[in-house]
Amino acid sequence: TTFRDLTRLLLAEVKRLRPLRPVMERELLRRVVERALSNDQLRYFADAARRSAFITLLADHIHELQRGDISASAYARIRPPQANEDEHRELAHLYSEYERLLAAHALTDEDGSHRAARDLLTTSDTSAFRALNLVVVDGFTDFTPTQHDILRLLATRANQLLIALPTDSSE
């Protein structure tokens with residue numbers, strides 16, 4: 001199975017989060033940006049935020065943070081040396097508002113689903129994954145921190161974990 005399918009299996013047991021499709025994710029981000037613009041909370045990104053490509057770039061930025069397991073609150077505390085302070089503050093605000101809306105409506109995007117599945121494996125004894133004999137991982141060249149956590153947690157429930165590593169075919 002894929003990590004996406006594994007996540008869906010895990011979250012199907014609890015049914016507390018509804019998956020957010022990419023088109024709805026962009027719509028939610030669009031609403032977050034429109035609200036920030038109307039409340040005069042975007043100065044650095046005011047012009048860019050009115051362009052449709054901004055939503056795509058914002059979604060990509062948020063996904064990169066999520067894949068690194070960086071929450072909105074952690075991101076707000078980060079002070080990248082090369083980043084403009086206004087730019088960082090506005091991105092942190094948009095990310096925070098996006099996460100707030102997801103939580104308020106019990107929604108989860110794909111990266112959030114992986115984190116929720118990891119948290120579920122950490123805190124509960126899910127029936128489908130209670131006692132595993134063998135876990136085999138194949139077809140991956142790298143893993144996100146959240147995927148590492150999921151594999152670690154599955155390994156504690158399995159008798160055996162096998163990870164196939166790619167080889168250099170030129171040899």
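Predicted model: local features only at pLDDT ≥ 70, side-chain atom pairs only at ≥ 80, totals over all residues.

Student: In what order do the elements of the chain run from the N terminus on?

Tutor: Helices (H or I, at least four residues) and strands (E, at least two) are DSSP runs, numbered from the N terminus. The chain has seven helices and four strands. Their order is α-β-α-α-α-α-β-α-β-α-β.

Student: Which residues are linked with Arg118 in a network of salt bridges?

Tutor: A salt bridge puts a side-chain nitrogen of Lys or Arg within 4 Å of a carboxyl oxygen of Asp or Glu. Asp149 meets Arg118 in one (3.1 Å, N to O). Asp149 also pairs with Arg152 (3.8 Å, N to O). The network links Arg118 with Asp69, Asp119, Asp149 and Arg152.

Student: How many residues apart in sequence are the parts tied together by Asp149 and Arg118?

Tutor: The side chains of Asp149 and Arg118 form a salt bridge. Asp149 sits in helix α7 (residues 145–157) and Arg118 in helix α6 (residues 110–123), so the pair ties together parts whose separation in sequence is 31 residues.

Student: Is Arg152 buried, partly exposed or exposed?

Tutor: Buried means under 20% relative accessible area, exposed over 50%, and partly exposed in between (1.4 Å probe, protein chains only). Asp149 and Arg118 are both buried. Arg152 has 46% relative accessibility, so Arg152 is partly exposed.

Student: Which residues does His88 contact, leaving aside neighbours within four places in sequence?

Tutor: His88 belongs to helix α5 (residues 85–104). His88 is buried, at 4% relative accessibility. Contact means heavy atoms within 4.5 Å. On that basis, the partners of His88 are Tyr75, Ala76, Ile78, Arg79 and Pro80.

Student: How much accessible area does the nonpolar patch of Leu134, Val136 and Leu162 have together?

Tutor: Patches take residues with over 30% relative accessible area and no salt bridge, joining like charges within 9 Å and nonpolar side chains (Val, Leu, Ile, Met, Phe, Trp, Tyr) within 5 Å. Leu134, in strand β3 (residues 132–137), is partly exposed at 43%. Areas come from the Shrake-Rupley method with a 1.4 Å probe; for residues, only the protein chains shown count as cover. Together the three residues have about 260 Å².

Definitions and conventions
Residues numbered from 1 in each chain as written. Heavy atoms only, no water.
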